[in-house]
Amino acid sequence: MTDTPFEDAPRDWLEAELIDTLDEDFEIEFEDAILSQEIRKIYNRAHPEQIDRKVYFQSLLRLQAELIKLQDWVQHTGEKVVVLFEGRDAAGKGGVIKRITQRLNPRLVRVVALPAPSDREKTQWYFQRYVSHLPAAGEIVLFDRSWYNRAGVERVMGFANDDQVEAFFHDVPEFERMLVRSGIRLVKYWFSITDEEQQMRFLMRIHDPMKQWKLSPMDLQSRVRWEQYTKAKEEMLQRSNIPEAPWYIVEGNDKKRARLNCIDHLLTLFPYGPINHEEISLPERVFKPDYERAILPRDLYVPSKY
């Protein structure tokens, strides 16, 4: 066989892949960009001991490599995993979920972020619409907010009455025990930030046109009703913290440390290990001398503007 230019290219491919990966990392990190120098100064004063960027990325990549091992283990063993992410608005839940799923297979690791219930769903058993999203064997489901909406936003905003809230607290421990008995590994995280940190993050969203969509009327009301949410959170943690599915609190004032701490802790909850895979080899490309590639009309192509 004659040499092809591709035989000398693995290093080029790896370098290109690394550059592309880093570009993706930086693109995701742009969500933390601060618009003005003045806001940057205010933010830095509030966060004087930020983690070194290089240390952060090295730690994140190492943890994401471990998450791939966890995913392989879940698929190989047929485990079923549910992770709930709850907490204050702007506490950083979405950022952690994004870093967890960034390098995983979306067919195996799904994110569930349900909208407000429809009129029909309001007449169902409260847990019914969440049950349909639970994992099958070999799957991981991450709930970006969950059935604990009833103990939080629905309660504080008056969407659920006292009897409904009390019924929820009566039912949720047994509901979660049923999930665990069925073989689901259930993990519950509460992201905690201070009053001052939430206010700063809301102000940053207001002044960032790329983040304004994150501010809903409910979010703004959470500022007004901070103390009501605090009381609701305290009762929720007290009444739903069961041995079969305990709560874990993530301190979220420092976004990057919160991401690393949460992912690191999540990995400690599973007895995963490396899974042996069959060695993969790239098959030879089949060449047919009489094959001619069809010429397609130019109007089928996306314009090359960049």
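Predicted model: local features only at pLDDT ≥ 70, side-chain atom pairs only at ≥ 80, totals over all residues.

Me: Which residues line the largest cavity?

Reply: The lining consists of Leu67, Leu70, Gln71, Val81, Val83, Ile100, Leu104, Val109, Ile140, Leu142, Leu266 and Phe270. By class, 11 of the lining residues are nonpolar, one is polar and none is charged.

Me: Which element gives the most to that lining?

Reply: Helix α3 gives the most, with three residues. At least two lining residues come from each of α3 (53-77), β1 (80-87) and β3 (139-144).

Me: Next, helix packing. At what angle do the axes of α8 and α9 cross?

Reply: The axes of α8 (residues 195-206) and α9 (residues 217-224) cross at roughly 145 degrees and come within 11 Å. The crossing of α8 past α9 is left-handed.

Me: Which residues make the contact, and what classes do they belong to?

Reply: Helix α8 contributes Asp195, Gln198, Gln199 and Phe202, while α9 contributes Asp219, Ser222 and Arg223. In this contact of α8 with α9, one residue is nonpolar, three are polar and three are charged.

Me: How should I read a salt bridge, and how many does the structure hold?

Reply: Side chains of opposite charge can pair when their charged atoms come close. The structure holds 17 salt bridges. One of them joins arginine 239 to glutamate 166, with the closest N and O atoms 2.7 Å apart.

Me: Where in the chain do arginine 239 and glutamate 166 lie?

Reply: Arginine 239 is in helix α10 (residues 226-240) and glutamate 166 is in helix α7 (residues 162-181). The two are 73 residues apart, and the pair links distant parts of the chain.

Notes. Residues numbered from 1 in each chain as written. Heavy atoms only, no water. 1 Å grid on protein atoms, 1.4 Å probe; cavity = no way out; pocket = protein on both sides within 12 Å on 5 of 7 lines; lining within 4 Å. Helix = DSSP H or I, 4+ residues; strand = E, 2+ residues; numbered from the N terminus. Nonpolar A, V, L, I, M, F, W, Y, C, P; charged D, E, K, R; others polar. Axes fitted to C-alpha atoms, helices over the stretch in contact; angles between N-to-C directions. Left-handed = near helix turned anticlockwise from the far one by under 90°. Contact = heavy atoms within 4.5 Å. Salt bridge = Lys/Arg side-chain N within 4 Å of Asp/Glu carboxyl O.
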